[in-house]
Amino acid sequence: MITRIARRSAPAAASLALALTLAGCGSGDGAGGTPDTPAPSVSATGSPQPSPSPTSSTNEDGTAKPGTEAKLGEPTLLSYEGGTKAGILEVTITGIEKGSKADVASLGLSGDAKKMTPYYVRATIKNASEKDLSHAAVDPPGGLLDDGTAARQLLVIGTFATCDSYPKTKSFPPGASYETCAPVLADPGTEVTGAVWTGQGYPDFPASSGVIWLP
């Protein structure tokens with residue numbers, strides 16, 4: 001069993017390995033969504049002043065801009081870039097489940113990792129572009145802790161039936177979709193309450209500069 005620090009998932013192999021990834025280096029300031037529209041102000045004469053228009057959180061093609069905050073369960077269009085592939089993905093966070101230490105006992109976690117609690121970020125990923133994204137190395141969304149920082153990602157090379165993060169993109173034409181799951185870890189005293197998409201066309205860190213989903 002080999003433990004190493006890595007950032008993203010790797011292709012499956014015959015042997016089983018795992019790694020913890022800190023999905024967002026540095027500290028985040030929390031969600032970076034579109035600010036609430038302020039109430040109209042009133043001048044000394046009593047006439048209402050127009051409120052400024054809120055900044056759009058989407059690009060012209062409908063994809064989310066960096067820093068967008070969405071709701072869990074809300075389909076969100078994302079600009080995807082990975083290797084030689086680029087297109088648009090529709091990502092829906094379908095659930096965040098708290099696991100148990102027994103779930104990962106067979107993976108041989110050591111040190112502080114043995115004290116962490118696993119969570120499973122489940123999502124549906126759809127090819128919403130007009131391009132064929134077959135064989136694209138699409139990483140699943142990561143976990144977002146209750147303090148607004150990214151959770152550590154548990155990278156399993158091999159089979160982890162509880163939460164399989166391997167991209168099912170062998171055939172991924174326009175309109176195709178698949179279910180995926182990201183196993184992440186939370187330190188004692190913290191919880192995974194949201195999801196985050198960084199990299200693959202969005203800033204790697206902090207978490208708030210990617211796209212986040214909250215309840």
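The legends below cover close-up views of a predicted model. Local features need pLDDT of at least 70, side-chain atom pairs count only at pLDDT 80 or more, and totals for chains, interfaces and linings use all residues. Residues are numbered from 1 along each chain as its sequence is written, and side-chain values use heavy atoms, with hydrogens and water left out.

**View 1. An open sheet of four strands with mixed pairing.** The strand order is S5-S13-S12-S9. Strands are DSSP runs (E, at least two residues) numbered from the N terminus, and two of them pair if DSSP finds at least two bridges between them. Strand S5 (69-71) and strand S9 (142-145) form the edges, each pairing on one side only. From one strand to the next, the twist averages 35° (axes are lines fitted to C-alpha atoms, and angles run from 0 to 180 degrees between N-to-C directions).

**View 2. The pairing of S9 with strand S12 (residues 192-197).** The two strands run in the antiparallel sense and share four bridges. Leu145 has Val192 in S12 as its bridge partner.

**View 3. Thr180 in strand S11 (residues 177-186).** Thr180 has a relative accessible area of 7% and is therefore buried (under 20%; exposed is over 50%, partly exposed in between; 1.4 Å probe, protein chains only). Beyond its neighbours within four places in sequence, Thr180 is in contact with Val121, Arg122, Ala123, Ile125, Pro140, Asp164 and Ser165 (contact means heavy atoms within 4.5 Å).

**View 4. Ser106 in the loop between strand S7 (85-98) and strand S8 (117-127).** With a relative accessible area of 59%, Ser106 is exposed. Ser106 and Phe160 are 54 residues apart in sequence, and their C-alpha atoms are 9.9 Å apart in space.
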